[in-house]
Amino acid sequence: MGTLFRLFSPPPTTLCTNKFFLSPTTPSISSPRPNTTSSTKKHQYYRIESSKFGNFLDLKPETTQPESLDFDLSWWDPKSDRPHFDVIIIGTGPAGLRLAEQVSRYGIKVCCVDPSPLSVWPNNYGVWVDEFESLKLEDCLDKTWPMACVYLDENKTKYLDRPYGRVSRKKLKTKLMEGCVSNGVKFHEAKVWKIEHQEFESFIMCDDGNELKASLIVDASGFASSFIEYDKKRNHGYQIAHGILAEVEEHPFDLDKMVLMDWRDTHLGNEPYLRVKNSRFPTFLYAMPFDSNLVFLEETSLVSRPVLSYKEVKSRMVARLRHLGIRVKRVLEDEKCLIPMGGPLPKLPQSVMAIGGTSGVVHPSTGYMVARSMALAPVLADAIAECLGSTRMIRGQPLYHRAWNGLWPIERRCRREFYSFGMETLLKLDLDGTRRFFDAFFNLDPYQWQGFLSSRLSLQELLLLSLSLFGRASNMSRFDIVTKCPVPLAKMVGKLAIETI
């Protein structure tokens with residue numbers, strides 16, 4: 001459920017929160033109160049009045065350009081530096097920088113290439129606090145909530161005793177860059193437009209005319225990349241969302257709880273067309289309340305195929321905020337998110353390695369990715385170091401094979417098939433079925449549902465989770481599973497058989 005991606009026109013701003021992301025620069029966690037002249041007061045008054053019925057769409061976001069870090073990087077100089085590295089990483093998003101930091105610890109020569117290496121990411125990310133604590137990144141959270149909640153309908157709410165946090169984009173990027181610089185990573189400000197391969201090394205051609213070469217190229221540039229090859233049909237599901245960081249007159253949310261999902265639909269009572277469509281292809285509200293007047297709000301389609309209309313998502317959000325009595329005074333940031341979920345893995349192996357959105361690590365059932373990428377980068381770094389960090393210098397096809405198998409061993413591929421089965425199940429559920437599913441899901445033992453959302457259950461534990469979920473489900477939910485899941489289940493079993501042969 002988490003900051004993608006650029007597969008359509010016009011391209012949505014991508015995030016990955018893991019589901020749970022936001023957008024350009026990180027504002028102060030207090031509602032801004034700028035000084036105004038009489039003329040601006042008049043303009044502000046008009047803007048506030050224009051949204052008093054809940055329609056915030058005519059308010060332009062005040063943050064449109066990402067902030068640039070004031071940081072002294074070690075730049076690659078084409079006039080004096082050799083153009084050869086052990087590893088070139090395309091992209092300086094969270095996954096790319098984390099991998100650069102980890103690989104360079106082994107003394108491996110790394111260069112990161114990005115059109116704007118110092119720009120703060122235009123995505124906000126939400127994570128479970130324990131995930132970042134396990135990675136020793138808890139100091140990169142700028143806001144935490146001790147609990148999360150899920151509104152299933154007007155009469156039933158689930159309270160999740162698991163702290164949730166918002167990632168500080170500035171703190172996380174600064175920390176990763178500090179690690180890169182201390183390990184000797186070079187940076188080059190350019191866009192890669194072409195990759196060519198020879199037997200033991202590869203070349204990248206940049207839009208500034210420079211050419212660099214390395215034993216391994218890693219694509220960390222996001223879902224829109226054309227450098228990664230697939231040998232199967234890309235039948236993704238899609239998570240689409242519209243979010244705003246807004247100053248509001250007031251909101252109804254508890255400040256000590258973030259709203260993970262709000263599936264209530266009473267706001268569509270006077271919108272018969274929207275309500276009928278929402279009953280078949282439901283959306284939920286995701287909310288991070290920072291104080292009584294500052295809140296991040298995001299209307300989200302968990303997964304759909306084909307992708308739900310972006311206009312539809314925004315229309316539902318307008319109706320929801322109106323019903324909740326949320327009057328938007330100022331839009332500080334807005335977020336347009338489209339995340340491909342599930343579908344096939346990239347061709348394994350291939351000459352270009354991948355990490356992040358291009359590598360298939362997005363959770364197929366939820367859209368979560370950032371914490372998972374942070375956790376898998378050291379695993380991939382170890383596999384690369386076994387080849388390039390040794391005196392043997394294993395390169396070419398043996399290197400590509402070890403790198404891809406390091407990221408996607410058989411057991412991890414099998415677990416991904418199980419998560420993809422979860423996505424296919426959700427695709428077949430309407431609003432009532434979705435509510436019943438999450439009612440049973442969050443009744444599971446916390447070890448199970450937390451492990452599922454964080455991609456840390458073994459295949460055996462996932463099978464036990466399925467049995468437990470079926471046992472705790474209502475009769476109607478069991479009927480959904482029995483009648484709607486046989487085909488996805490058969491496909492999953494077939495794929496698991498192929499993976500293990």
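In this predicted model, helix H11 passes helix H12 in a left-handed crossing. The axes of H11, which covers residues 446–453, and of H12, which covers residues 459–472, come within 10 Å and cross at roughly 120°. That angle makes H11 oblique to H12, since angles from 65 to 115 degrees would count as roughly perpendicular and those over 145 as roughly antiparallel.

The contact between the two helices is built from residues on both sides: H11 brings Tyr 447, Gln 448 and Phe 452, and these meet Glu 461, Leu 462, Leu 464, Leu 465 and Ser 468 in H12.

Elsewhere, the model holds an open sheet of 3 strands, arranged in the order S3-S7-S4 and paired in antiparallel fashion. Strands S3 and S4 are the edge strands, each of them pairing on one side only, and neighbouring strands of the sheet are turned by 30° against each other on average, with direction ignored. The residue ranges of the strands are listed here.

| Strand | Residues |
|---|---|
| S3 | 126–128 |
| S4 | 141–145 |
| S7 | 164–167 |

How many bridges join S4 to S7? There are 4 bridges between S4 and S7, and these two strands run antiparallel. Along the sheet, Lys 143 stands opposite Arg 166, a residue of S7.

Conventions
Residues numbered from 1 in each chain as written. Predicted model: local features only at pLDDT ≥ 70, side-chain atom pairs only at ≥ 80, totals over all residues. Heavy atoms only, no water. Axes fitted to C-alpha atoms, helices over the stretch in contact; angles between N-to-C directions. Parallel < 35°, antiparallel > 145°, perpendicular 65-115°, else oblique. Left-handed = near helix turned anticlockwise from the far one by under 90°. Contact = heavy atoms within 4.5 Å. Pairing = 2+ DSSP bridges.
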